[in-house]
Amino acid sequence: MTSTFPNISISTERLVLRPLDEDDVPALAAMMNDEQVAAWTDVPQPFTEDGARTWITEYAPTERAEGRGLDLAVTEFLTQRLVGVVQLTKADWHVRSAELSYIVAPWARGEGYASEAALATARWLFQDQKFERVELRTAAGNTASQQVAQKIGCISEGVLRNACIAHVRTEDGGWADVRTDFIVWSLLPEDLEGAGDGLDGSDGFTSFPEWS
């Protein structure tokens, strides 16, 4: 029997993490067309509302139903505004491990939302789902994302050389692929002691897996 993540809502002091729904389509599409998101992730560009709707109604439900992962909208508690997305992928139900990714909207950066959402997701994964390992991969040049990993208590395990595709603008306004290294981080249940101190600061982007 395939194990799956439940449809859940996770609350923090400032945020609510919940399943994506179709009301999120416009905000999700706008967020994914941001320059920094395009540079550090494999989200298709340009990202259309049809693409956002496909993610919400087809891709995310299938990933959850087949036990591979979980996609959560990150919203402000007071305004309900979409501030980002957290994604669990590559779930291994025997090893009890998963990879964690996050994106924050341009207007919401610098508030510590990525750290707050990532830490809340990791705590839920360890405490409620009894997972034993969370892995993050950050591009070598993505210092903001590396700061998020450090703030939530992750330990750097090493470098996967030439394993990441980032993107740079071309002279004609398009995007070109550039190869770089991945820094691999891990978070275990025992690493959470003291995690979350001083979460205000930069928000980063881990590299989302390519999807269609």
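How many salt bridges does a search of the whole structure find? The search finds 14. This is a predicted model.

1. **Arg-14 and Glu-116.** Start with this salt bridge between side chains, at 2.7 Å from N to O. Arg-14 is partly exposed at 25% relative accessibility. Glu-116 is buried, at 10%.

2. **Helix α4.** Is α4 mostly covered or mostly open? Mostly covered: 13 of its 15 residues are buried. Glu-116 has a relative accessibility of 10%, so it falls under the 20% cut-off and counts as buried.

3. **Arg-53 and Asp-50.** Here is a salt bridge within one helix. The closest N and O atoms are 3.4 Å apart. Both residues belong to helix α3 (residues 49-65), and because they are 3 residues apart, about one helical turn separates them. An α-helix has 3.6 residues a turn, so residues three or four places apart point the same way. Arg-53 is partly exposed, at 31% relative accessibility. Asp-50 is exposed, at 55%.

4. **Glu-66 and Arg-68.** These side chains also meet in a salt bridge, at 2.4 Å from N to O. Glu-66 has a relative accessible area of 44% and is partly exposed. Arg-68, at 34%, counts as partly exposed too.

5. **The salt-bridge network.** Which residues are linked in a network of salt bridges? They are Lys-90, Glu-99, Arg-133, Glu-135, Arg-137 and Glu-157. Two of these residues, Lys-90 and Arg-133, are also contacts of Ser-97. See the next point.

6. **Ser-97.** Ser-97 is placed in strand β5. At 14% relative accessibility, Ser-97 counts as buried. Neighbours within four places in sequence aside, Ser-97 is in contact with Lys-90, Ala-91, Asp-92, Phe-131 and Arg-133. Of these contacts, Phe-131 returns below as part of an aromatic cluster.

7. **Phe-5 and Trp-93.** The structure holds 5 aromatic pairs. One is formed by Phe-5 and Trp-93: tilted, 4.7 Å centre to centre, with 45° between the planes. Phe-5 lies in the segment before β1 and Trp-93 in the loop between β4 (82-92) and β5 (97-104), so the pair ties together parts 88 residues apart in sequence. Both Phe-5 and Trp-93 are buried.

8. **Trp-93 and Phe-131.** Trp-93 has a second aromatic partner in Phe-131. How are their rings set, stacked or edge-to-face? Edge-to-face: the centres are 5.1 Å apart and the planes are at 85°. This pair also links distant parts of the chain, 38 residues apart. Trp-93 is in the loop between β4 and β5, and Phe-131 is in the loop between α4 and β6 (133-139). Trp-93 is buried at 18% relative accessibility. Phe-131 is buried as well, with a relative accessible area of 1%.

9. **The aromatic cluster.** Phe-5, Trp-93, Trp-124 and Phe-131 form one aromatic cluster.

10. **Arg-81 and Trp-107.** This is a charge placed over a ring. The charged end of Arg-81 sits over the ring of Trp-107, 3.7 Å from its centre.

11. **His-167.** Where is His-167 placed? In strand β7 (residues 155-169). His-167 is buried, with a relative accessible area of 13%. A polar atom of its side chain lies 3.2 Å from the backbone oxygen of Thr-41. Its side chain also makes a polar contact of 3.5 Å with the side chain of Asp-177. With neighbours within four places in sequence left aside, His-167 is in contact with Ala-38, Ala-39, Thr-41, Asp-42, Trp-175, Ala-176, Asp-177 and Val-178.

Methods:
Residues numbered from 1 in each chain as written. Predicted model: local features only at pLDDT ≥ 70, side-chain atom pairs only at ≥ 80, totals over all residues. Heavy atoms only, no water. Buried < 20%, exposed > 50% of the residue type's maximum accessible area, 1.4 Å probe, protein only. Helix = DSSP H or I, 4+ residues; strand = E, 2+ residues; numbered from the N terminus. Polar contact = N/O pair within 3.5 Å; in protein donor to acceptor, adjacent residues only side chain to side chain. Contact = heavy atoms within 4.5 Å. Salt bridge = Lys/Arg side-chain N within 4 Å of Asp/Glu carboxyl O. Phe/Tyr/Trp six-rings, centres within 6.5 Å; stacked < 30°, edge-to-face > 60°. Lys NZ or Arg CZ within 6 Å of the ring centre and 35° of its normal.
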